[in-house]
Amino acid sequence: MAALLMALAGVTVMGMAAAPAVAKTVVVTAARLVDVDKGRVVDDPVIVITDGRIAAVTGRGGARPVIPQGAERIDLPGRTLLPGLIDMHVHLDADARISGYRRLDYTDSFWQAVGVANARAMLAAGFTTVRNVGSTDYNDVGLKQAIDAGYVPGPRIVPAGYALGATGGHCDGSEGLPPSFEGVRNPSVADGVDGYRRLVRTQKKYGAQVIKICATGGVLSRTDAPGAQQMSYDEMKAVADEAHLLGMKVAAHAHGTAGITEALRAGIDTIEHASLADAAAFKLAKERGAWFSMDIYDDDYILAEGAKNGVHEESLEKERQIGRKQRETFRDAHRAGVKMVFGTDNGAVFPAGQNALQFAKMVEWGMTPIEAIRSATSDAALALGRDDVGQVAVGRWGDLVAVDGDPLADVRVLERPVAVIKGGVSVR
């Protein structure tokens with residue numbers, strides 16, 4: 001009898017395994033679709049998403065796709081669709097409302113929970129992919145795993161693990177603390193070429209998909225100068241060479257002119273902030289194919305809310321000195337033809353989910369609306385080296401955001417998404 005039951009069980013399992021899986025199909029319709037590649041609007045789009053990927057895209061006048069019986073529908077009459085947005089510079093496990101020494105009031109695991117809330121907020125804001133350029137305790141790697149496994153909602157995350165830097169530099173977590181903290185292990189710090197090579201390998205080992213370094217000082221670090229170079233050319237080149245060998249790109253926090261130039265010479269892929277870049281740096285960035293990721297909204301929030309949130313006075317003074325200059329650099333870099341991507345420092349510098357506030361600043365300082373939109377869609381995908389996000393096209397993930405109005409006429413409509421779809425699933 002036992003043998004018979006086992007045999008029957010085997011037949012059942014084999015039969016189940018042999019049965020073809022039923023593909024889930026979702027059909028999305030709207031009044032308009034922004035074709036970011038061509039910079040035009042497609043009327044009456046019909047987008048077919050099968051098992052999370054786009055299987056067909058048509059507009060008015062095009063041959064309508066065959067829609068399987070029983071397909072789920074998401075109809076958005078009167079709305080405009082765009083590809084899911086991409087923010088190339090976020091910090092999920094941070095809260096701008098808890099700055100400076102106030103962070104020390106919270107236990108380490110608190111920031112994991114903050115990451116869950118921030119991920120939900122960014123997704124609801126239409127950002128279906130984010131690049132997290134630095135977290136503690138590999139929180140971004142763990143959050144990515146939880147989102148991918150369906151435990152919590154959130155965007156697709158490209159994690160960096162720890163941001164790497166020099167002793168006492170912008171990425172040194174014990175910067176500004178007394179010498180009694182000297183013995184505290186800081187897994188993000190190295191000095192010398194061999195140390196940085198080891199750190200790159202360690203980040204890769206524990207799940208990083210991009211490497212972040214701090215080439216210069218920063219604004220929100222208390223004791224350094226934003227323009228001061230903190231890593232040598234040889235150290236930055238060692239990071240770039242090792243990361244590229246491992247199939248990863250490198251982002252460099254760099255405000256100062258010398259640090260930006262040396263990072264570009266070393267082969268860094270994206271320059272974050274780029275506040276004091278000059279004409280020579282623009283030329284070098286174009287020659288090397290590097291991208292600038294400039295968080296030009298942040299000045300407004302830091303100066304308005306920073307003191308209340310606990311930002312050190314030293315940092316506020318640095319922001320007063322560098323904020324407008326960064327915006328002027330953005331304008332000049334764009335005019336010079338430097339490739340630009342959308343990066344906000346959201347989470348760490350202003351509250352999560354408000355990412356889209358930067359679009360208006362990018363237009364104010366020289367971009368057209370379609371250029372700003374491309375910086376957060378197709379151009380961001382190119383900078384990531386990914387062909388599965390950034391456009392509404394066959395084979396890409398079914399990531400969409402819907403808005404009221406025309407974002408090519410008023411980019412601020414992106415601040416108020418009315419629907420968000422990730423992989424064919426409505427999440428807002």
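This is a predicted model: local features need pLDDT of at least 70, side-chain atom pairs count only at pLDDT 80 or more; totals for chains, interfaces and linings use all residues.
**Strands.** β12 covers residues 270–273 and β13 covers residues 291–293. They run parallel, and 3 bridges join them. Stepping back, I saw that they belong to an open sheet of 6 strands with parallel pairing. I noted the order as β9-β10-β11-β12-β13-β14. At the edges I have β9 (163–164) and β14 (339–341), each pairing on one side only. A reminder to myself: strands of a sheet pair through backbone hydrogen bonds.

**Disulfide.** Next I checked the cysteines, and the count came to 1 disulfide. Cys-171 and Cys-214 form it, with their sulfur atoms 1.8 Å apart. Cys-171 sits in the loop between β9 and α4 while Cys-214 is in strand β10 (residues 210–214), so the pair ties together parts that are 43 residues apart in sequence. Are these two cysteines buried or exposed? Cys-171 has a relative accessible area of 12%, so I put it down as buried. Cys-214 is buried too, at 1%.

**Helices.** Last, I looked at how α4 (193–205) packs with α5 (residues 233–245). Their axes are 9 Å apart, at an angle of about 30 degrees. That is under 35 degrees, so I call α4 roughly parallel to α5. The crossing is right-handed. For the contact I listed residues including Val-193, Tyr-196 and Val-200 of α4, and Ala-238, Val-239 and Glu-242 of α5.

Technical notes:
Residues are numbered from 1 along each chain as its sequence is written. Side-chain values use heavy atoms; hydrogens and water are left out. Two strands pair if DSSP finds at least two bridges between them. Helices (H or I, at least four residues) and strands (E, at least two) are DSSP runs, numbered from the N terminus. A disulfide is a pair of cysteine sulfur atoms within 2.5 Å. Buried means under 20% relative accessible area, exposed over 50%, partly exposed in between (1.4 Å probe, protein chains only). Axes are lines fitted to C-alpha atoms, for helices over the stretch in contact, and angles run from 0 to 180 degrees between N-to-C directions. Angles under 35 degrees count as roughly parallel, over 145 as roughly antiparallel, 65 to 115 as roughly perpendicular and the rest as oblique. A crossing is left-handed if the near helix is turned anticlockwise from the far one by less than a right angle, and right-handed if clockwise. Contact means heavy atoms within 4.5 Å.
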